[in-house]
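Hi,

Here is the structure I promised to send over. Have a look at it first, then read my notes below.

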Amino acid sequence: MFKVIFTDLDGTLLDERYRCDKALNVIGKLKELKIPIIFVSAKTRYEQEVFRKALGIDDPFVVEDGSAIYVPKGYFDNLKNFKRKIKYDKRNGYDTLILGVPFEEIRVAIEEVMRKFHVRCYSCMSVEEVAKVTGLSLDMAELAMRREFSEVIVEADERALELLGERFNVKVGGRFFHVYGKGANKGKAVRILTELYREKFGDVLTVGIGNSYTDLEMLKVVDVPALVRNRDGWIDVDFDVYRARGIATQGWIEVVKKFVLR
Ligand SMILES: [Mg+2]
């Protein structure tokens, strides 16, 4: 059966140092077998492109917590069925399905809230500051700040988050608050891609791998949901998931070997 892997990046495929060297062998095998590896992450397109290039992965990818699906041109010939239903855009060589809202809309709302309450977000910080709070290199911090559909809030008054929550999704990601369109979530994006793969290949087995609460919607819509371990254990879920013993990359390898490569 045709298999597809949907995977979170931070804390799942990538370890605390944002590396996945240990998984290179396994990724090589998946590529030989032409098994798609779909990144489904809060990371921006620009950040994900770095990993796609380094790992030689050419499959579609989901950015900024499900805000948009970037599909390399010509990857699906059935994409036109979705173009009618979802805001569709030809961005920089990709066919893009947009589920979220433009960054500007979020930025304007944050500025409004900032008149009364304390908010510290990526776009009000320097590259050096973002690098410091995330542990990213300066180059990667700069790419993390090029947001198209969401903003990251590092700290804020409770009330500011409540106000933003009236208009947008405000979710706790790995460490910070992610603000993005209410119409966007990782699960929705994964469902659309699954449908596209099923139209193209018929029977498809989907495997989803994540580590945090923002991954739950994705895990709920795949055939095989799996969690990798965080330093302090697994997140709580109220449905059946496979819990890998390994932390981050190590757990990722375990899941792929158990459900995809066996
Ligand atoms: Mg994560």
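How do S7 and strand S8 pair, and over how many bridges? S7 and S8 (residues 150-156) run in the antiparallel sense, with 3 bridges between them. Strands here are DSSP runs of E, at least two residues, and helices are runs of H or I, at least four residues, both numbered from the N terminus. Two strands count as paired if DSSP finds at least two bridges between them.

Before going on: this is a predicted model, where local features need pLDDT of at least 70 and side-chain atom pairs count only at pLDDT 80 or more, while totals for chains, interfaces and linings use all residues. Residues are numbered from 1 along each chain as its sequence is written.

Back to the sheet. It is open, has 4 strands in the order S7-S8-S10-S9, and its pairing is antiparallel. S7 (119-121) and S9 are the edge strands, each pairing on one side only. Val 170 has Val 179 as its bridge partner in S10.

There's also a nonpolar core (buried Ala, Val, Leu, Ile, Met, Phe, Trp, Tyr and Cys joined through C-beta atoms within 7 Å; buried means 20 or more other C-beta atoms within 10 Å, with C-beta atoms placed from the backbone). The largest one has 74 residues, and Ile 5, Ile 38, Ile 69 and Trp 252 touch the most other members. Helix H8 (residues 186-201) gives the most, 6 residues.

Cheers

Terms used:
Buried ≥ 20, exposed ≤ 12 C-beta atoms within 10 Å, placed from the backbone.
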